[in-house]
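Student: Could we go through this model together? I would like to begin with the overall picture and then turn to a single residue.

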Amino acid sequence: MSAAAAELVTSSEPTIASIQAQINRTIDDLLATLPDPGRLSAAERRGIIARYTAVLEGNFIYWMTGAYIAAGSDEARAKIMDNLREEVRDCHPGMMRRFAIAAGAVPSSDDADAVYPNLMKVRQFIGRLSPVPIVVTMAFFEGFIQRFMPYLADLARRQGSSDMEYTDVHGVCDITHTEELFNALAAEMKLAPAQSDTDLFEGVGLLQALIQNIVRTN
Ligand SMILES: [Fe+2]
């Protein structure tokens, strides 16, 4: 490939900065739609915590494992493995469950049903193991979780809970995780640029719909 042709290919690819900007806009939009905790009933507050738990407790490590399997670069795999190691070593699913128990918000079958269709769509997307779109999706998810923690903690406090370990840990550690995932994304894009017809934000859109299921109270 000539230098000019190589430049053309490079310039037509989205940059990490533009992907990060679109992810941040999507997170901003989601946070702007969150219902005012002061106007929610106890049942509505419980429902948001329960649906969040129904999605996160059993799926986060699974989806991050999908990112690990899909990633081809040593750099991305190392960063994703660091994240997985922390999830397993510190038993984040257990931390999530304790948070839900303390807030009186253990997921019911109705909570699971409310998120089921869009949860399945995210699972199927992850199962395709498409490296760049998966890493974009997990960077979005980490970024959203980190910025959602103060809201989730507020709901739990209003439910009478004082167990904030889950929200404390994820409001801090996911800042680093998000940065690491963007570094992982850069490594993946360098190794195997996505095809021009690949929708880099497919998983972000699916996850956005799932998060809307979690926070919707009517
Ligand atoms: Fe976690």
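Student: What is the mean pLDDT of the protein chain?
Tutor: The mean is 91, and 92% of the residues reach 70 or more; pLDDT is the predictor's confidence in each residue, from 0 to 100.

Student: Where does pLDDT stay under 50?
Tutor: That happens over residues 1–11, for which the model has two contacts beyond four places in sequence; a contact means heavy atoms within 4.5 Å. Where pLDDT is low, the predicted coordinates should not be read in detail.

Student: How many helices and strands are there?
Tutor: The protein chain has nine helices and zero strands. Both are DSSP runs numbered from the N terminus, helices being H or I with at least four residues and strands E with at least two.

Student: How does the radius of gyration fit a compact globule?
Tutor: A compact globule of 218 residues would have a radius near 17 Å, and the protein chain agrees with that at 18 Å. The radius is taken over C-alpha atoms, and the globule rule is 2.2 Å times the number of residues to the power 0.38. Along its principal axes, the C-alpha trace spans about 65 × 35 × 25 Å.

Student: What share of the residues is buried?
Tutor: Of the 218 residues, 44% count as buried, meaning under 20% relative accessible area, with exposed over 50% and partly exposed in between (1.4 Å probe, protein chains only).

Student: Turning to helix 5, which residues are buried there?
Tutor: Helix 5 covers residues 92–102, and its buried residues are His-92, Gly-94, Met-95, Met-96, Phe-99 and Ala-100. The helix is followed by Gly-104, whose phi is positive, near 60°.

Student: What is the relative accessible area of Met-96?
Tutor: Met-96 has a value of 2%, so this residue is buried.

Student: Which residues does Met-96 touch?
Tutor: Leaving out residues up to four places away in sequence, Met-96 touches Tyr-52, Thr-53, Leu-56, Glu-57 and Tyr-166.

Student: And how far is Met-96 from Val-106?
Tutor: The two are ten residues apart in sequence and 9.9 Å apart in space, C-alpha to C-alpha.

Key
Residues are numbered from 1 along each chain as its sequence is written. This is a predicted model: local features need pLDDT of at least 70, side-chain atom pairs count only at pLDDT 80 or more; totals for chains, interfaces and linings use all residues. Side-chain values use heavy atoms; hydrogens and water are left out.
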